[in-house]
Amino acid sequence: MSSTSNATGPLALSTSGSVATHCPYCALQCAQTLTPAPGGPTPVSVDGRAFPTNRGGLCQKGWTSAEVLSVQDRITMPQIREGDGFREASWREALDTIEFRLRGIQAVSGKDAIAVFGGGGLTNEKAYALGKFARVVLQTPYIDYNGRFCMSSAAAASNRAFGVDRGLGFPLADLNGAGAVLIMGSNMSVTMPPFVQHLSGVRERGGLIVVDPRKSATAQLADGGKGMHLQISPGTDMVVLLAILHVLIHEGLVDESYLAEHTNGWDDVKTSVAAWWPERAEIECGVDADALRQAALVLAAASPHQGGPGAYILTGRGMEQMSQGTAAVTAAINLALALGLPGRVGSGFGPVTGQGNGQGGREHGQKADQLPGYRSISDPAVREYVAGVWGVPADHLPGPGIPAVQLLKKLGAPGGPRALLVHGSNVVVSAPNADDVRKALARLSFLVVCDMVPSETALLADVILPVTQWAEEDGTMTNLEGRVIRRRTAVAAPGEARSELWILNRLAARLGYPTGFSTDPQEVFAELALASKGGPADYSGISYERLDAGEEIFWPCPESDGEPHPGTPRMFLDGFNTPDGRARMVPVDHHGPADDVRPDAPVYLITGRVLQHYQSGAQTRRVDSLNAAQPSPYVEMHPLLAERLGLEPGAMVELESARGVIQARAVVSDTIRHDTVFMPFHWAGAGSANRLTNDVTDPTSGMPEYKVCAVAVRPATRIGATA
Amino acid sequence: MTRIVVIGHGMVGSRFAEEVVETLADADVTVLGKEPQAAYNRVLLSSVVSGVANPESLTIAGPDHPRVATLTGVSAVKVDRAARTVIDSAGAVHDYDFLVFATGSVARIPAIQGVADSDGFVSGVAVLKDMADAQDIVKHALSARRAVVLGAGVLGLEVATGLAKRGVAVRVVHHADRLMERQLGWEASAVATTSLTKLGIDVHTGVSLAGAQATRGKLSSVRLEDGSEVLTDMLVMCCGTIPETSLARQAGLEIDRGIVVGDDLATPRDPAIFAIGDCAQPPGGGTGLVAQGWEQSSRLAARLAGVDGVTASEPRSTDVVRVKASGLSMATMGVSGDFDRADPRLRVLSLKDPEGGRFIEVVVSGGLLVGATCIGDKAIAADLATLYTRKIPVPSDPAQLLIHALAGQASAAKDPAEMADDDIVCNCNSVSKGAICTAVAEGCDTVAGIAKATRATTGCGDCAALVAKLVTAPSTPTAAPAATERAVP
C-alpha cells in the first residue's frame, strides 16, 4: 500500500505516474489511484481516492483488486480446445477458427444460429460495440446479457413509470440529508460498503428502515434506535410496500397535490391497495401490523409534503429477483410517488445497481430489445437513425431477441442458436438452474468465451480469447447514480491479452466489415454518444475531453450548440420522461413465490453475496486474502433449524430443490429466520447455489426468481457425491 | 363467449369478477350488487369505527374492465335454473352459462325487546354490516358518553376497543362464559378480559340483554337478563352473521347453514351454479373470513378456465383470525379455543403471563403448527401466522415458539475488552482485533495510522469508534488519544 496523499481530482495522471481510475467491481465504482509498481507483488499498487461516492473508502475487494491482474492462471494467449483441455494458439489461428466456424454455421443454419451473451461489467464502449457487432455483423436478434439477472425488473418498472431508467436518479450524497430511507432487499453494507457512509445522516435521525428476511449487516445498521428492521418472510417484500401505502391513504398522509399534478393512475392504485390492510399483510409477510404502520409514519414524517427533511426508497435484488420483480418495483415507485418523492431535491426513488457497469451496460444495445441510447429496436424511427449512424440500411438490423433465461434455454435446442459468443459473464455459475445452463452450453456446436481467467464457463469453450481488465484499459463506466466516469490504463496487459474492442474489430473485418469497429475507446465513445443522441440515455454532449477535465457528468447530457449541457444530476425536476410529463402509476398485486414451500421442501432458500466475493467469483476466488476470509460456499441457518436437523456448526448440509442438489457447510446464525436458509452464490461445483435456484421469470422483465425457492434441508451423508 | 353472472358485489364477488376475466379469455361477466356504491372493504368497517380507516378510502373494486358489467343498486330477485337466467330488481334478464353466488351474510339480530320499532332500530342502536352502519355508529360515537356492545366475538371486540379509543365508556355484554368462545379458551379469555379492562372496557360474560329503553326516541338504557339496568347512549349488536341464502333457497338449491357446495365449489344439484365467500358452505365449513372467500375466488376462476391444479403447492391455510383491536394484540389460528387438550395427537404448550397481558398457546401435531392463540405479543403472532399458513416444520422444542426465538437478536454493541483476538473488527476489510492490537503495539497511535497499516475503517467506516477504543485501550497506555473521525487515504 502506498502513500495516502494522492487524493487529487479526477485528472488522468498525477505527477507520480499514478493513474486515477475506479474499482473493477461493483456499481459504486469507488475511485482508486493506481500506481505502477514494477517489481512489486502486483503490477500496480492501489489506493482509495476521494470521490463523492466512496469518499476515499474501499472494501477488501477493492484494496486487493490488483492481485487479479497477475493471478497465476491468467489467460495470456488464445486457447483452442483439444480433447478435454486446451492448447495455446496465435491470435491468427484463433480468429481463423472462429471465422471459419461462424461462417459455416451461418451458411447451414442462418444468421439466427449465432447468439451473443454480454455482461454488465463491460465498459460502455465494449457494450456498445458488442451490440453493434451482433446487429450489424452477425445480424442476429439473439443478444442479451447478464444484466438481465441484475437490473431488468427495476429497469422495466422505471421505464414504465417514468419513461426512463437511470438507477438512483440523484447523486448518492443526497441521501445524507434524508429523514427516512427505506431499503428494500439490498445489503449494501456487504455488497458496496463505502455506500454506508451516506446513511449516517438518516441513522442519526432514526429513519433507516431495512426490509430483509435476514438481519443482514445493513439491517443491523438500524439497531440502537437508528431505525427499524422488518424481517419479512421470503418473497413478501412487496406486501410491505402495499401495506405501507394502505396506511398512508387511511392516515391522510399521501401528497395529494403532487399526485394530482404529476401522476396518472392514482385512483386505480389507491383502490388496489385497499385489500392490503396491515393485519392482512402481517399474516402474509410475517411483520406485525403495528410495525408496518410505524414504518409508514416514519416515511411520511420525513416526506417533503409533511415538512420533513426528505425521504428515499431504494430497491435491491432481494426484491427485484422475483417472478413478480417488476410489480414489486412498481409498488415501490407507487409508494414513492404517493409520498411525492421523485423529482424533488432531497427525496427520491432508486434501484441500487449491482454490477460495475450495470447501468451503462443496459443503455447501449446489449439488451435483446434495445438499441443505443436506451431505445427500442422495434421503433422504426430509432432503427432508421441508429442504422444511419452505423452506415447500414434500417432493414439490415434484426428485430428484438429474447431475454437471457429464454436465450440460454434455446441454445442448441431445435431451431435455436448453435454458436454462442460470451463476453464478461460466467453463466454456468451465475445463471439460475445452473445445471440446465451447463447442459445447454454442451448442446452448442461452437462456444467462444472472452475472459481474463479460465472461468467455469470459459473452460467449456471451444475457443477462449484472453482479454484486458480494468487497470489495463481505457473506457467509461456509468455508476449507480448515472454518473459517467473514466476508467484509465495504468499498466500494459500481460502476454497477448487484447481489448474486446480489438477482437470485435478483427472479427468484423473477417466477416465483411473492415470499417466501423474502432479499437480506440475514445473514438468508440464518440460514436456511442452520437448513436445515443435523442434517446432517453442521451450521451451526445459527453466527451472524454469533458470527463478528463474533471467535470462531473450525469446523463442525460444532450449535445448543445451553445454552452455545453451540464448533465442531469437529479432527474425529473421538470417532470417525467413521458409524453405528458406525468409519472404513470400502475396497480400491482402480490403473489407468493412460484416455488413455494411444501411438505417435501419446507424451507425457503434465499441467495445473496458475501463482502469478499463478486458475482460468480471468477476474479475474487483467485485472490488469496479474499479466499482466506471466505473460502467456500455455505448454508446459513438459524440455530433452531440446525437443532431440528441435528446439525452442528460447520457440518456438511445437503439442500435439494426441484432443480438440483448441493452440499455445503452449515453456518449457524440467529440473524436469519428459522424457516429460511441463505446461500451466497459465488461458487461453482458441489456447493453452487444457482444449481438450486428457480429459472421461472418475470413476465415483463425476464428476471429469474433467484431470491426465493423451496428446498429440503438435511445433513449430508455422502460427502461430495453430488458434485 | 362464456356468460358468467355473479350475484353479490362485495369483497369476494368483485374479486372473482376481476380474476375470472383474467383467467378466462372469453368470459363475459355481469355482477349484480345491491348496495349503491362500488365494492368496498367490509373487513375495515370496524377500523372505520375506531378511526383507523378512512371511510372515503375503502373502495376495493378494480378498474372497469370491458368484459365486466357491474350493476350497483340492483339485486337479483329470481333465478330460473331451467332457462339459466337471473332476473334483477330492475326487471332485466341475464343469461348465464355459470352462475356464482357471492351474496355474503347478514347480521344476526337477536330478538330483544325495545331495540326496534316499526321504523327500524331505535336511534343509538346499530349492527355493523355495511358502510351505512359504520357511518351511523361513528356519528353517534361523536356525542355518546357510554356504549354497550352486545357480543364479544371478533367483531364485537373490534367495535368495543374502537369505541373506547374514541373516548366512549364501553361495556361488553356477552352471552357465553368467555370472550370469543369460538377462538379462545378459558385462560386466553381471562387474559383478554384483563387487557380489555385496562383499556377501560367493562366486560360482562354469561349474560344476555333482556331489553332496551328509549327516551324521546333515543336509546337511554339497556336491561341485562340479571335484571341490572345499564345507562347507555349506544348499543351495537355484534351477534354473528347468517349466510345470505334466500335466493338460492328459492332456486331450489341445497341449503344447510349456507349454500352447500362441494370441494369444487359447485352446488350438488346444479353444476352450473357455484357459491363462494360467506354465503357458501364448503365441506369443511365456512370461516366467515375473507381470506377463505378470496382463496375460493381464485380457485373457482382457475377452475372455470380449466387450469385446475396449476399450483403445485396446496393452498395455504386461510383461517387465521387477526383481531384488529386498538391497543390489544390478538390472533388465533387453526386448533384453538375449546378443544381436547388431552388429545394424544396434539402437543399443546402455553405461556401464561396475565400480569403482562400475555397468553400464547401453540398446538403442534406431526411436527407442524396446527393451531395457535397469541394475545399480547404482536411479533410472535406474526411469526406464528407465517409458520401456520405455510405449514413450515416447527423447532424440535416447540417451546421456542413462545418466546422471541425467531427474530435475530439485536447486535450488541461490541466491547473491545470482551472481543477475542480473532474477532473481526472491520468487516469490510476482514481485520481482526488481533491485527489492530499488533499495529498498535508497533506504534500506530491514531485511527488514521491503523487505517494505513491494516485498512480497518476504510470501507464503510462504521468500525471507526471501535478502532478508536482499541487504540486508546489500557493495554496501550502510551497511545495518544485517537481522533474518532474516520480516516481514509
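A residue counts as buried if 20 or more other C-beta atoms lie within 10 Å of its own. The exercises below apply this to a predicted model.

**Exercise 1.** Locate Gln183(B) in chain B and determine whether Gln183(B) is buried or exposed.

*Solution.* Begin with the secondary structure: Gln183(B) sits in the loop that runs between strand E13 (169–174) and helix H5 (186–198) of chain B. Next, take the neighbour count, which is 22 C-beta neighbours inside 10 Å, and therefore Gln183(B) counts as buried. Finally, list the contacts, leaving aside neighbours within four places in sequence: these are Val321(B), Thr332(B), Ser336(B) and Gly337(B).

**Exercise 2.** Describe how chain B contributes to its contact with chain A.

*Solution.* Start with the totals, which are 54 residues from chain B and 56 residues from chain A. On the side of chain B that touches chain A, the elements giving two or more residues are strand E24 (320–325) and helix H8 (378–390) of chain B, and the largest share, 10 residues, comes from H8(B). Sorted by class, this side of chain B has 26 nonpolar, 19 polar and 9 charged residues.

**Exercise 3.** State the confidence of the model, and find where in chain B the pLDDT is below 50.

*Solution.* For the model as a whole, the scores are ipTM 0.90 and pTM 0.93. For chain B, the mean pLDDT is 91, with 93% of its residues reaching 70 or more. The pLDDT is below 50 over residues 406–411 of chain B, a stretch with 14 contacts in the model beyond near neighbours in sequence; it is also below 50 over residues 476–489 of chain B, where the corresponding number of contacts is 37.

Methods: Residues numbered from 1 in each chain as written. Chains lettered and ligands numbered in written order. Predicted model: local features only at pLDDT ≥ 70, side-chain atom pairs only at ≥ 80, totals over all residues. Helix = DSSP H or I, 4+ residues; strand = E, 2+ residues; numbered from the N terminus. Buried ≥ 20, exposed ≤ 12 C-beta atoms within 10 Å, placed from the backbone. Contact = placed C-beta atoms within 7 Å. Nonpolar A, V, L, I, M, F, W, Y, C, P; charged D, E, K, R; others polar. pLDDT = per-residue confidence, 0-100.
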